[in-house]
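The sequence and coordinates come next.

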Amino acid sequence: FWKQHAPGCYVTPKSLCMERENKSLDAPTSASSVGHVQSQNEDDLKRFQVELEFLQCLANPFYLSHLAQHGYLDQREFVSYLKYLLYWKLPEYAIFIKYPACLHMLDLLQEEAFRRELISPVCAKFVEEQLLLHW
């Protein structure tokens, strides 16, 4: 799964981890309004957008299964990145999320057993059905 963010720029889980290593390990300082986010420098805005888009991809159980099947969910760096993304649960960041199920999936991804089970397409289908029933 490749997600194009800008012409010639493709973001994968590996590139997100590498980008994070080049940045501070702390969550961004504040994002309480769109105006504030837009006033940040271009790198911070790009980081915000990439992390938000990736986070919302986590609401797709088949994408999660893809990550598991390709070994991303077994990588210590990637699991650390998922833990880092928990700052999106703070109200000043959560207001930007269009697919709130991604926060629940992010919580579940903190559990090793859930990450292991996602390898199975049957598990992904079950999670999808549960999400649909929740709606």
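## Packing of α3 and α5

In this predicted model, helix α3 (residues 42–57) packs with helix α5 (residues 76–84) at an angle of about 100°, and their axes are 12 Å apart. Axes are lines fitted to C-alpha atoms, for helices over the stretch in contact, with angles from 0 to 180 degrees between N-to-C directions. The two helices α3 and α5 are therefore roughly perpendicular, a class that covers 65 to 115 degrees, with under 35 degrees counted as roughly parallel, over 145 as roughly antiparallel and the rest as oblique. On the α3 side the contact (heavy atoms within 4.5 Å) is made by R47, E51 and F54, and on the α5 side by F78, Y81, L82 and Y84. By class, this contact holds 5 nonpolar residues, no polar ones and 2 charged ones. Nonpolar covers Ala, Val, Leu, Ile, Met, Phe, Trp, Tyr, Cys and Pro; charged covers Asp, Glu, Lys and Arg; the others, Gly among them, are polar.

Helices here are DSSP runs of H or I with at least four residues, strands are runs of E with at least two, and both are numbered from the N terminus.

## Basis of the values

Residues are numbered from 1 along each chain as its sequence is written, and side-chain values use heavy atoms, with hydrogens and water left out. Local features need pLDDT of at least 70 and side-chain atom pairs count only at pLDDT 80 or more, whereas totals for chains, interfaces and linings use all residues.

## Helix α3 and Q56

The 16 residues of α3 should span 22 Å at 1.5 Å a residue, and the end C-alpha atoms are 23 Å apart, which agrees. The expected span is 1.5 Å times one less than the number of residues. Buried residues of α3 are R47, F48, V50, E51, L52, F54, L55, Q56 and C57; buried means under 20% relative accessible area, exposed over 50% and partly exposed in between, with a 1.4 Å probe and protein chains only.

Q56 is in α3 and counts as buried because its relative accessibility is 15%. Its side chain reaches the backbone nitrogen of K98 at 2.5 Å. Not counting residues up to four places away in sequence, Q56 touches F96, I97, K98, Y99 and C102.

## C102 in α7

C102 belongs to helix α7 (residues 101–109). With a relative accessible area of 0%, C102 is buried. Apart from neighbours within four places in sequence, C102 is in contact with L55, Q56, L58, A59 and I97. C102 and L58 are 44 residues apart along the chain, yet their C-alpha atoms are separated by 5.1 Å.

## Partly exposed positions

L86 lies in the loop between α5 and α6 (91–94) and is partly exposed, with a relative accessible area of 27%. Leaving aside neighbours within four places in sequence, L86 is in contact with L106, D107 and Q110. The C-alpha atoms of L86 and Q110 are 9.5 Å apart, at 24 residues apart in sequence.

H66, in helix α4 (residues 61–69), counts as partly exposed at 22% relative accessibility.

## The chain as a whole

The chain has 9 helices and 2 strands, in the order β-β-α-α-α-α-α-α-α-α-α along the sequence. Of its 135 residues, 39% count as buried. Among contacts with a separation of 6 or more, 72% join residues 24 or more positions apart.

Methods: A polar contact is a pair of N or O atoms within 3.5 Å; within protein, one must be able to donate a hydrogen and the other to accept it, and residues adjacent in sequence count only if both atoms are side-chain atoms.
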